[in-house]
Amino acid sequence: MNGDNLHHATTRRGVPFAPLALARMLSVSTTALAQSRGVMLDVAVLPGTPPRLIGDGEMLGMLCNAVAATAIAGARTGPLDLRLSAMPVGDDRVTLRAELTGCFDTGEGGGFGLELARRVMAALGAAMVLERQADGSRRLTLDMPAALPSRSADPERLMDWARARGGRLLVVDDSATNRMVVAGLLAKAGFSVETATGGAEAVVAVAQAPVPPEAVLMDIAMPDMDGVAATATIRSLGDDRARIPIIAVTANAQPEDRIRCLAAGMNDYLTKPVRRADLLGALERWLTP
């Protein structure tokens with residue numbers, strides 16, 4: 001990480017990058033140091049992370065690499081785990097999070113507090129928190145801003161993508177007509193579609209199914225448990241199912257409705273009447289290839 005990279009940091013914020021590629025780069029770039037220290041660093045991308053993001057992937061990678069290298073150098077016992085994930089924050093913006101856990105020392109000044117690193121984080125709008133856990137291990141979270149790519153508006157390309165990918169989806173709506181329409185649009189695109197009549201049924205389908213759906217298309221206004229409450233319940237699950245992409249498909253089209261959905265943990269937001277291209281464009285942004 002050097003001054004030249006910092007000088008150009010603000011000019012690369014609109015470049016597409018893949019979190020999975022970033023994770024692979026981190027694994028490769030830290031292998032020699034980890035092996036020399038006898039440390040195992042496990043790097044992974046958590047489910048529900050978009051396959052593509054827009055931002056300064058090069059600088060984000062450098063920051064993650066600096067964090068990982070410092071932790072490896074100060075590792076005491078046991079493995080180190082680094083997980084990448086993304087959280088929607090509204091207006092097609094997300095926070096890319098790198099979370100590092102394990103037993104490691106950071107040295108004087110926190111280890112990560114070098115002036116250049118601070119300047120890079122400031123230039124990117126990034127933030128870092130280091131916490132000590134009850135068992136003596138440490139957890140470091142590095143939050144960095146990024147954005148989702150624009151939804152594709154090319155129906156033919158989206159159909160080609162959907163048919164090549166396939167996958168299992170859950171459509172949730174208390175209206176039988178709406179369930180039939182949305183499920184039919186997705187089934188004709190090559191997806192296997194299950195349906196639920198309300199929020200409570202959707203929670204059960206996600207939490208208890210032997211194989212959960214890869215994404216949920218969720219109505220909002222439902223009588224038993226609305227889509228916001230159902231999403232909050234799914235997000236509270238204690239495993240990877242809590243990270244399943246949830247896309248609102250609703251007649252509630254006011255700006256405050258979108259804010260409420262995203263605040264509850266939904267990944268994306270579509271308004272009815274919905275077209276197949278809208279559905280596929282949203283799914284493409286959140287489903288891994």
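Mentor: Buried means under 20% relative accessible area, exposed over 50%, and partly exposed in between, with a 1.4 Å probe and protein chains only. Helices (H or I, at least four residues) and strands (E, at least two) are DSSP runs, numbered from the N terminus. This is a predicted model, where local features need pLDDT of at least 70, side-chain atom pairs count only at pLDDT 80 or more, and totals for chains, interfaces and linings use all residues. Residues are numbered from 1 along each chain as its sequence is written, and side-chain values use heavy atoms, without hydrogens and water.

Trainee: Why is α10 called largely enclosed by the rest of the structure?

Mentor: Of its 11 residues, 9 are buried, so α10 is largely enclosed. Among them are Leu 279, Leu 283, Arg 285 and Trp 286.

Trainee: What makes a space a cavity and not a pocket?

Mentor: On a 1 Å grid over the protein atoms alone, a 1.4 Å probe fits in a cavity but cannot get out. A pocket is an open set with protein on both sides within 12 Å along at least five of seven lines. The search finds 3 cavities of 30 Å³ or more. The largest cavity holds about 60 Å³, a volume being the space filled by probe spheres set on grid points joined across faces, edges and corners.

Trainee: Which residues line the largest cavity?

Mentor: Lining residues have an atom within 4 Å of a point. Asp 91, Arg 258, Arg 285 and Trp 286 are among those of the largest cavity. β4 (80-90), α9 (255-263) and α10 (276-286) each give two or more residues.

Trainee: What is the volume of the largest pocket?

Mentor: About 320 Å³. β4 gives the largest share of its lining, 5 residues.
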